[in-house]
Amino acid sequence: MHYVSTRGAAPQANFDEVLLTGLACDGGLFVPEDWPRFSDADLRALRGLDYSALACRVMSPFLGDAIPSSAFEEIVRDACNTFDHQAVTPLVQLDNDLWLLELFHGPTLAFKDVALQLLGRLLQYVLDRKNERVTIVGATSGDTGSAAIEACRDRDTLEIVILHPRGRISEVQRRQMTTVTSANVHNVAVEGTFDDCQDLVKAMFNNRPFREEQRLAAANSINWARIMAQTVYYFHAALALGAPDREVAFSVPTGNFGNVFAADVARRMGLPIKRLYVGSNRNDILTRFLKSGEMAATPVEPTLSPSMDIQISSNFERLLFELHDRDGDAVVRDMNVFRETGKFAIDEARMAKARSVFDGASLDDADTIDAIAYFYRSSGQLLDPHSAIGAAIAREKRTDAGVPVIALATAHAAKFPDAVERATGVKPTLPPKLGDLLERPEHCTVLPNDLDAVQTFIRDSVSLAA
């Protein structure tokens, strides 16, 4: 298996290189040179496998010969064992042909654990064999940071630096990062938005001398291994509901586009996914794009669903690459125009390709509160604001009889207790293992939205902890 860059100017890479570098040297994102394919017979043979065995079968084609199968099986099994539910990502029925895929049973109560528990172990495995260390740098709109920290804390081959937008994530999300005392963990609150944090991370990766000096690696969903791991739960859910002999649809609350792109990868691999619904909040750039064909950024507005308070979705570039028939030069042109003007447009033929799979809708805060309240009344389920958006859009778009729509529950309700209590009158509680989270002391450095300041912090902090 070889990987190519969405911008077409980087040399091909193998899985080891993609895992450790994250971003291609031309600024693009890695994707497989060819998509693996599962036939209907292959898919039927996957039915009945437990999550760990299924994960190995689905992900193995992406590895090439980078990791022996026995070692990979052990890594995957160990990652799955960190989840509190035997099914890892269980399905719950909400209504006729309406299902909820619970992705929050991992250590930090969010879907990011599914990929990051695996990523931390893969990095440790590869680095041990290379006798190397890396500095993981990531930006978070809420959940990626805590999941990455939990996966990487106390690993002697890794330093991890996580940037979050100061005052723009929930208290539980912040404390899940800032109360970790491991010496290899460094938290930074940036005076800005998530997009600012993400821009700083990209700038550091594009600063080749700094990147090489600090041996930067990525934990954000720009790292292909994250996308690879997320494809598994789409297979898991679809097979449970009758695939390949039954089509399914998914409704995905979407911020950085990695989660819903993983669904599109599963579709390209042969899973019979009829529709993908992209759920947004007031920051509805993706919904507007799917309606108009123009990607146009507007200022980020804080909402009750902060993990989706994003205007520049990094992983969208991977879909853009496919819409342009893998023409890296065309991707570069669009991305340059977007950087210069804040918008770009796609022609109607390519938009028709996108719309044949994707549809979008958005909810404002009032609608989100109504959705949380509705599902609590109708099913007894307490949904966090992000999951409620996905479920509400799934309910709205459920039009094809016999085609189940599966909404992704991306976080535990207790990560956003104020919004849930406002909607339902019930304040969700954290699991016992996090029961004292709000009393733990915090450790965090506040920095301006300034590349030099952040790079100086990393040089000083990582050298002290090394």
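## Salt bridges, cores and pockets of a predicted model

The side chains of R268 and D264 form a salt bridge with an N to O distance of 3.0 Å, a salt bridge being a side-chain nitrogen of Lys or Arg within 4 Å of a carboxyl oxygen of Asp or Glu. The structure is a predicted model, in which local features need pLDDT of at least 70 and side-chain atom pairs count only at pLDDT 80 or more, while totals for chains, interfaces and linings use all residues. Residues are numbered from 1 along each chain as its sequence is written, and side-chain values use heavy atoms, with hydrogens and water left out.

R268 and D264 are separated by about one helical turn, because they stand four residues apart in helix α11 (residues 258–268). Helices (H or I, at least four residues) and strands (E, at least two) are DSSP runs, numbered from the N terminus. D264 is buried, with a relative accessible area of 0%; buried means under 20% relative accessible area, exposed over 50%, and partly exposed in between (1.4 Å probe, protein chains only).

A search of the whole structure finds 33 salt bridges. The table lists three of them.

| Pair | N to O distance |
|---|---|
| R268 and D264 | 3.0 Å |
| D199 and R339 | 3.1 Å |
| D325 and K353 | 2.9 Å |

In the pair of D199 and R339, whose side chains meet in a salt bridge, D199 belongs to helix α8 (residues 194–206) and R339 to helix α14 (residues 328–341), so the contact ties together parts that are 140 residues apart in sequence. D199 is partly exposed, at 28% relative accessible area, and R339 is partly exposed, at 47%.

D325 and K353 also form a salt bridge. This pair links distant parts of the chain, 28 residues apart: D325 lies in the loop between α13 (316–323) and α14, and K353 in helix α15 (residues 348–355). D325 is exposed, with 55% relative accessibility, whereas K353 is partly exposed, at 35%. Salt bridges with shared partners join D264, R267, R268, E322 and R326 into one network.

The interior is described by nonpolar cores. A nonpolar core is a set of buried Ala, Val, Leu, Ile, Met, Phe, Trp, Tyr and Cys residues joined through side-chain atoms within 4.5 Å. The largest has 113 residues, and those with the most contacts inside it are F15, L118, W224, M228, Y234, F235 and F250. Helix α10 (residues 224–240) supplies the largest share of this core, 12 residues. Leaving aside residues up to four places away in sequence, L118 touches M59, F72, I75, V76, A79, M228 and A229, a contact meaning heavy atoms within 4.5 Å. A second, separate core has 26 residues, including L383, A392, I393 and A423.

Two pockets complete the picture. On a 1 Å grid over the protein atoms alone, a pocket is an open set of points where a 1.4 Å probe fits, with protein on both sides within 12 Å along at least five of seven lines, and lining residues have an atom within 4 Å of a point. The largest pocket has a volume of about 540 Å³, a volume being the space filled by probe spheres set on the points, which are joined across faces, edges and corners. Its lining comprises 21 residues, of which T21, L23, C25, R208 and R211 lie nearest the centre. The largest share of that lining, four residues, comes from α1. The second largest pocket has a volume of about 440 Å³ and is lined by 25 residues, with S170, K415, F416, P417 and D418 nearest its centre.
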